[in-house]
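Take a look at the sequence and the 3D structure below. Then read on for a short tour, one site at a time.

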Amino acid sequence: MPSLPDIMTPDAEGLARQAGQGGAHAPAADADQDAFFEFLLRMGDNALILGHRNSEWCGHGPVLEEDIAMSNMALDLIGQTSLWLGLAAEVEGKGRSADDLAYLRDAWDFRNLLLVERPNGDFGATLMRQFLFDAFHFHQLQALSGSADPRVAEIAQKALKEVSYHLERSAEQVIALGDGTDESHARMQSALDDQWCYALEMFASDATDVTMAQAGIAPDPASLRGVWDETVDAVLDQATLKRPEGSFAHKGGKQGTHTEHLGYILAEMQFLQRAYPGASW
Amino acid sequence: MRPAVSQVWDWLAEVPDPEIPVISLTDLGIIRDVEWQGEVLVVTVTPTYSGCPATAVINLDIENHLLSKGIEHVMLRRQLTPAWTTDWISDQGRDKLRDYGIAPPIDGTAPDGDVMARVTSLTGRGNMAVPCPRCNSNDTRRVSQFGSTPCKASWVCNACLEPFDYFKCH
Ligand SMILES: [Zn+2]
């Protein structure tokens with residue numbers, strides 16, 4: 001079982017100190033800390049669970065290059081997880097680490113979108129899920145790069161560079177397969193239709209989102225719908241895929257109500273730390 | 001013992017990147033600062049990719065190399081901002097990459113989210129020319145946006161038919 005990548009010296013703590021020294025306004029201290037912690041879990045858990053799903057392709061990709069791409073994206077996402085959950089642990093202030101949050105919480109404490117815990121399905125379904133999420137993730141990180149909390153802004157700026165490549169790749173693949181053979185087109189359309197109602201949870205704002213938006217820490221996800229639509233429509237058009245009409249969204253992941261699939265992910269991902277607490281290499 | 005900061009930089013220039021050992025950590029541009037705080041040498045390092053598995057090895061290599069030079073107290077500080085960019089790879093580093101068979105990054109070609117402006121056509125031909133590090137031909141094509149490490153993409157030369165790595169712009 002992989003441990004989260006090594007987090008070099010103090011980081012989050014040091015950064016907070018720096019921010020204080022620089023006289024930069026750090027509104028996180030004033031904002032509702034519980035909401036801030038929830039928000040950071042959502043960021044970290046989306047990256048963690050999607051990263052884990054991508055890692056399931058390692059050794060199973062349809063061609064070597066795609067196998068490698070999937071593993072590299074998993075690596076990026078798990079790396080981002082360690083940054084988000086590291087900050088979450090610090091904000092929580094209960095002495096937990098990023099690893100504790102990743103490996104020792106149970107399903108109801110996870111705050112990821114239902115979309116990212118969907119089973120991989122075929123390669124087309126995996127790519128479609130990735131594209132729908134990347135388009136959201138990209139615009140979200142772009143907004144977060146200007147967060148009033150400097151710690152959030154710098155993680156977002158770092159992650160944005162990586163996610164730009166993810167979006168470019170998944171968009172290309174959706175176009176190549178959507179506008180490909182009859183078989184690939186049919187599979188991509190069906191992947192899109194199946195996942196649309198899960199994707200829309202991305203824009204379902206709740207009280208936590210409103211609190212974060214008011215504090216200037218994060219954009220209200222609902223406000224990202226317009227730019228997401230533009231990106232998604234442009235790509236689907238090129239891909240000759242038909243955008244689903246439905247507006248129904250499966251919700252609950254952000255608040256901890258998950259589908260049965262998350263339990264299986266955690267059973268695999270957390271097994272070692274549960275069986276051998278504190279094990280490391 | 002407190003060797004001069006410039007001496008420490010020279011020592012750091014001797015530490016190879018663990019995954020691309022022809023270039024040093026200073027060529028890569030990830031060492032952001034070196035300073036003495038009392039008896040502790042603080043080395044500020046910025047990660048290339050947030051999940052790059054080489055990060056832990058790099059830290060260890062820095063510590064070990066400086067210890068071997070007689071510096072007893074080394075503290076590594078991670079700095080995320082400003083985020084690392086391939087613009088910081090030295091000219092010397094770029095030459096070394098090319099000699100090693102890795103096409104160096106073409107500055108200013110990192111994705112900006114304007115996917116439609118950049119999406120390549122189905123022929124697989126990219127919208128930029130990366131010269132082949134072996135025969136220098138511009139007749140090359142991208143095989144995958146991702147490669148053997150997070151920082152590289154897979155390309156192939158249509159002229160000499162050799163596959164090669166491209167250190168992608170970041
Ligand atoms: Zn060539």
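## A buried threonine

Thr86(B) has a relative accessible area of 0%, so this residue counts as buried. This is a predicted model. In chain B, Thr86(B) sits in the loop that runs between strand E3 (74-78) and helix H4 (91-100).

What does the side chain of Thr86(B) reach? At 2.9 Å lies the backbone nitrogen of His170(B). His170(B) is also among the residues in contact with Thr86(B), once residues up to four places away in sequence are set aside.

## The zinc site

Which protein atoms are the donors of the zinc ion? They are the SG atoms of Cys132(B), Cys135(B), Cys157(B) and Cys160(B), at 2.3 to 2.4 Å from the ion. Along the sequence, these donor residues follow the spacing C-x2-C-x21-C-x2-C.

Now check the angles. The 4 donor atoms subtend 103 to 115 degrees around the zinc ion, so the arrangement is tetrahedral. For four tetrahedral donors, the ideal angle is 109.5 degrees.

Cys160(B) has a relative accessible area of 29%, so Cys160(B) is partly exposed.

## Helix H6 of chain A

Helix H6 of chain A covers residues 123-144. Its 22 residues should span 32 Å at 1.5 Å a residue. The end C-alpha atoms are 30 Å apart, so the model agrees with that expectation.

Asp122(A) caps the N-terminal end of H6(A). One of its side-chain oxygens lies 3.1 Å from the backbone nitrogen of Gly124(A). H6(A) is mostly covered, with 20 of its 22 residues buried.

In soluble globular proteins, nonpolar side chains tend to be buried together. Here, the largest nonpolar core has 81 residues. Phe39(A) and Trp228(A) touch the most other members of this core. H6(A) supplies the largest share, 12 residues.

What does Phe39(A) contact, leaving aside its neighbours within four places in sequence? The residues are Leu144(A), Val152(A), Thr208(A), Met212(A), Ile217(A) and Ala218(A). A second, separate core has 30 residues. Among them are Ile58(B), Leu66(B), Ile71(B) and Cys151(B).

Note on methods:
Residues numbered from 1 in each chain as written. Chains lettered and ligands numbered in written order. Predicted model: local features only at pLDDT ≥ 70, side-chain atom pairs only at ≥ 80, totals over all residues. Heavy atoms only, no water. Helix = DSSP H or I, 4+ residues; strand = E, 2+ residues; numbered from the N terminus. Expected span 1.5 Å × (residues − 1). Buried < 20%, exposed > 50% of the residue type's maximum accessible area, 1.4 Å probe, protein only. Polar contact = N/O pair within 3.5 Å; in protein donor to acceptor, adjacent residues only side chain to side chain. Donors = N, O, S within 2.8 Å, 3.2 Å for Na, K, Ca; no water. Tetrahedral: all angles 85-135°; square planar, octahedral: opposite > 155°, others 65-115°. Core = buried A, V, L, I, M, F, W, Y, C linked by side-chain atoms within 4.5 Å. Contact = heavy atoms within 4.5 Å.
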